Amino acid sequence: MISTNIAQQVETAASAIRQLTNYQPTIGLVLGSGLSELASSIQEPDIIRYDQIPGWPQSTVVGHSGRLVIGHLEGKTVLVQQGRAHYYEGYSMDQITLPVRVMKALGIQILIVTNAAGGINPNFNPGDLMLITDHINFLGLAGLNPLRGPNDDKVGPRFPDMIGTYDWQLRQLAHQAAVANNFTLQQGTYAYVAGPSFETPAELRFLRTVGADAVGMSTVPTVVVARHAGMQILGISSITNKADPDPKPGTVVTHTEVLETGQQIIPRLTALLRGILQQL
Ligand code: HPA
């Protein structure tokens, strides 16, 4: 797909949203598997179903509802993406990154992304929250980078820097918000894999060896596009299961476990996000 097509799709989707809400959100929040409930905290929301927005990818996964919730949270105007589409569902990189391009077109400058992830770091336990400090984009390294194709210089540079991707100041705010709520955050590197099969023990040994602390099937394409567009980014992983390179016989990882642990983490994630928003 060439960039002029993407630009047209973004504008079509953004103008559909503008017609359905009078809010002008400045902060975008993406809620991952099992984390969608958070959107119920939003006051006086405008709710837009994904099927009301031309070109917007629908999530086909259990645990991902498909709508935007736009309104006030902690005095800020936020747009919450409740549910996302993944590469493993069959969408292209262009399709899964349309939402973040639309957020940018709507004037959103700060992006907070959440996801469910398996904890590779042996110090991590299900129920922990991990601040993403860096990522390994396995699909991107292999050629599936969402920025592949003609570059739109109006949006960002051909060769964007990725060193400062996960904003240092936002990370400080997150740590402060956690401490204020009497818990601490883990932090580490998120490895992005395609899924949908969970990793084999050998794959997890490989990921641990190359420096991954957590592994998941989302977020990174969105982050790459957001970084390219100059947005400030904060990433938070809910560690929903151990991704153990040396599992005991009989160990299994299931999507149900991911969703159930995600549910348990919601109160702390909500407190964390509220605390961060208060400080913005
Ligand atoms: N692996 C990949 N993605 C995940 C996992 C996992 O163990 N848990 C939640 N998302």
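Biologist: Before we look around, what should I know about the model?

Modeller: It's a predicted model, where local features need pLDDT of at least 70, side-chain atom pairs count only at pLDDT 80 or more, and totals for chains, interfaces and linings use all residues. Residues are numbered from 1 along each chain as its sequence is written, and side-chain values use heavy atoms, with hydrogens and water left out.

Biologist: Okay, ligand first. Which residues surround the ligand?

Modeller: The general idea is that a residue is near a molecule if one of its heavy atoms lies within 4 Å of it. Here the shell is made of A116, A117, G118, F198, E199, V215, G216, M217, T240, N241 and V258.

Biologist: How do those residues divide into nonpolar, polar and charged?

Modeller: Ala, Val, Leu, Ile, Met, Phe, Trp, Tyr, Cys and Pro count as nonpolar, Asp, Glu, Lys and Arg as charged, and the others, Gly among them, as polar. In this shell that gives six nonpolar, four polar and one charged.

Biologist: And what counts as a polar contact?

Modeller: It's a pair of N or O atoms within 3.5 Å; within protein, one must be able to donate a hydrogen and the other to accept it, and residues adjacent in sequence count only if both atoms are side-chain atoms. Look at the ligand's nitrogen atoms: one is 2.7 Å from an N or O atom in the side chain of N241. A polar side-chain atom of E199 is 2.8 Å from a ligand nitrogen, and with G118 a polar backbone atom is 3.3 Å from a ligand nitrogen. As for cover, the ligand taken alone exposes 260 Å², and the protein buries 95% of that. Those areas come from the Shrake-Rupley method with a 1.4 Å probe; for residues, only the protein chains shown count as cover.

Biologist: Which elements give two or more residues to the shell around the ligand?

Modeller: Helices (H or I, at least four residues) and strands (E, at least two) are DSSP runs, numbered from the N terminus. The ones you want are β5 (110-119), β8 (214-216) and β9 (232-242). Of these, β5 gives the most, with three residues.

Biologist: Let's stay with β5. Is N115 buried or exposed?

Modeller: Buried means under 20% relative accessible area, exposed over 50%, and partly exposed in between (1.4 Å probe, protein chains only). N115 lies in strand β5, and it counts as buried because its relative accessibility is 0%. Its side chain makes polar contacts with the side chain of S237 at 2.7 Å and with that of T219 at 2.9 Å.

Biologist: Which peptide bond is cis?

Modeller: Find the one from G195 to P196, where omega is near 0°. P196 belongs to the loop between β7 (186-192) and α5 (201-209).

Biologist: How do I compare distance along the chain with distance in space?

Modeller: Q81, in strand β4 (residues 76-82), is 50 residues along the chain from L31, and their C-alpha atoms are separated by 6.1 Å. T165 and G230 are 65 residues apart along the chain, with 9.3 Å between C-alpha atoms. Now take L185, in the loop between α4 and β7: L185 and F159 are 26 residues apart in sequence and 32 Å apart in space, C-alpha to C-alpha.
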